[in-house]
Structure formats: C-alpha cells, structure tokens
Amino acid sequence: MDYERWLAAAGDLLLGASCHGCGRPWWGLCPVCREELSTRRPFVTTPLPCPDGFPLTLTSSPYDQLLRRVINAHKERQALILTRFLAERLALSVHALLARQAYPRHVSKIILMPIPSAARTVRQRGFDATGAMARVAARRLRVRYPIAVRSALAQARPVADQAGLGARARQRNLAGAFRLQRPLGPGAAVVLVDDLVTTGSSLTEGARVLREARIQLLGAATVAATVRLQRPSRPAIAQDESAVFAD
Ligand SMILES: [Zn+2]
C-alpha cells in the first residue's frame with residue numbers, strides 16, 4: 001500500500017475523513033478530484049459587467065462545485081492539507097500571466113500581493129487562506145522568477161461581507177476600502193492574487209491603490225473565476241509548460 005493510500009486509510013479510521021472535493025473516503029483530495037482539476041489550464045477572465053480599471057487577470061479554472069468545495073474547505077475548515085494543492089493552481093495562473101508579457105528590465109522583483117480578507121474574517125478563522133496559498137505558490141515559482149510575497153494591502157475601513165451583495169453594491173462596498181500598509185522597494189512589480197474572482201471589485205480596488213502609489217502592476221492571478229456567459233479563452237499555457245511545477 002503506498003503512502004497516500006495508507007494515509008487515507010489511517011485518516012478514515014481515525015477521523016472518518018472524506019475527500020474535500022467529492023466526499024468519498026479519503027484524506028485531503030482524492031486522486032479522481034485531483035486528476036479532474038489537473039486537466040484544467042489557466043485562461044484570461046473578465047467579469048461581466050467589467051468594472052473600470054479591472055486588471056488583466058488569469059485564473060486556473062472556472063469556479064464550479066468541485067472548486068467551491070475545495071476552496072471553502074481550505075478557508076472555512078482550515079484544511080491546511082489543501083493549501084499546497086490550491087497554491088499549485090495559483091502558481092499556474094501566475095506563470096500564465098507572466099508568460100504572456102515580457103516584463104520590463106527594470107523589474108528586479110515580482111511581488112505576489114494577496115487581496116486582504118476582512119480583518120474580522122481572518123480573526124474568526126485564525127487563518128489567512130490567501131496569504132498561505134501565495135507563500136507556497138511563491139516557493140514553487142522561485143525556480144523561474146525573482147518572486148516574493150508581501151501582504152502590503154490592508155483594509156482601510158470596515159467593509160460589509162461581499163457575499164450576498166450584487167455587482168454594483170460590491171463595488172460601492174469596496175471603493176476606497178484598501179490602503180497600502182508599507183512601500184515596496186524600487187524595481188518591484190506586483191501581481192495581485194486571490195482565491196476567487198467574482199465581480200472583480202476586489203482586484204479593481206487593489207489595482208487602484210497600486211496605481212495611486214505609482215507601483216507597476218503586471219496583472220492579477222486567481223485560483224478560480226465565476227464564468228458567466230463567456231467561454232474560457234484558449235489555454236494560456238501549454239500542457240508541457242506546466243510540468244515545471246510538477247514534483
Ligand atoms: Zn474526491
């Protein structure tokens with residue numbers, strides 16, 4: 001019995017563990033769900049309607065039931081075993097974004113900058129899911145890029161929970177909601193990162209803050225995107241290219 005199966009069996013015995021994607025007995029994410037997700041390739045995503053100032057954004061997958069379960073398990077139940085897996089998806093999106101453009105020579109450091117969660121939410125969860133994902137993704141990407149993570153964006157004021165708000169209400173809720181906590185060094189360019197893009201208001205607000213601070217923004221990368229009335233564009237990354245991130 002290989003190690004993973006042993007872990008699955010042991011987890012099942014001890015905790016009655018089940019796959020975070022499909023619910024069958026497993027520890028973490030079962031091979032079927034993993035295989036299903038691993039076939040998906042990053043694509044450019046644009047919310048409909050698209051807010052003014054929304055940055056170029058690459059995502060690793062449409063937000064379907066499977067990814068909703070996995071992202072929620074990671075966030076709400078702090079299933080840390082999923083951090084590595086989601087970070088891998090995020091790294092693919094970042095790589096696809098950077099592969100699309102020749103970033104200028106003066107860029108000496110690429111900064112992954114997580115979109116902040118409401119401070120209250122992080123306190124309740126005791127866990128910054130996006131930050132954790134970004135740090136693991138950066139470790140993967142360092143083989144190719146001069147990359148680091150800075151959680152430099154913060155909430156400038158309290159905001160309502162975005163869930164349950166419509167696109168316009170979300171934009172109003174987040175307008176002027178972020179601020180830059182500390183300056184970045186010279187030669188830094190930013191990729192905004194988040195687990196999910198829905199209406200695009202968080203990424204748009206993040207882009208606004210960076211523009212005002214005259215910090216170069218290369219774009220944004222997310223694990224998943226709600227895709228409405230649009231098809232994924234052609235895969236932005238060749239299948240064999242993603243092998244750089246395989247173990
Ligand atoms: Zn599964």
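Two strands count as paired if DSSP finds at least two bridges between them, and the strands themselves (E, at least two residues) and the helices (H or I, at least four) are DSSP runs numbered from the N terminus. This is a predicted model, in which local features need pLDDT of at least 70, side-chain atom pairs count only at pLDDT 80 or more, and totals for chains, interfaces and linings use all residues. Residues are numbered from 1 along each chain as its sequence is written, and side-chain values use heavy atoms, with hydrogens and water left out.

Select strand 3 (residues 109-114) and strand 4 to begin: the two run parallel and are joined by three bridges. Here isoleucine 110 stands opposite isoleucine 147 of strand 4.

Now move to the zinc ion, with its protein donors Cys19 (SG), Cys22 (SG), Cys30 (SG) and Cys33 (SG) lying 2.3 Å from it; donors are N, O and S atoms within 2.8 Å of the metal (3.2 Å for Na, K and Ca). Along the chain these donors follow the spacing C-x2-C-x7-C-x2-C.

Finally, colour the cysteines by accessibility: cysteine 30 and cysteine 33 are both buried, whereas cysteine 22 is partly exposed because its relative accessibility is 32%. Buried means under 20% relative accessible area, exposed over 50%, and partly exposed in between (1.4 Å probe, protein chains only).
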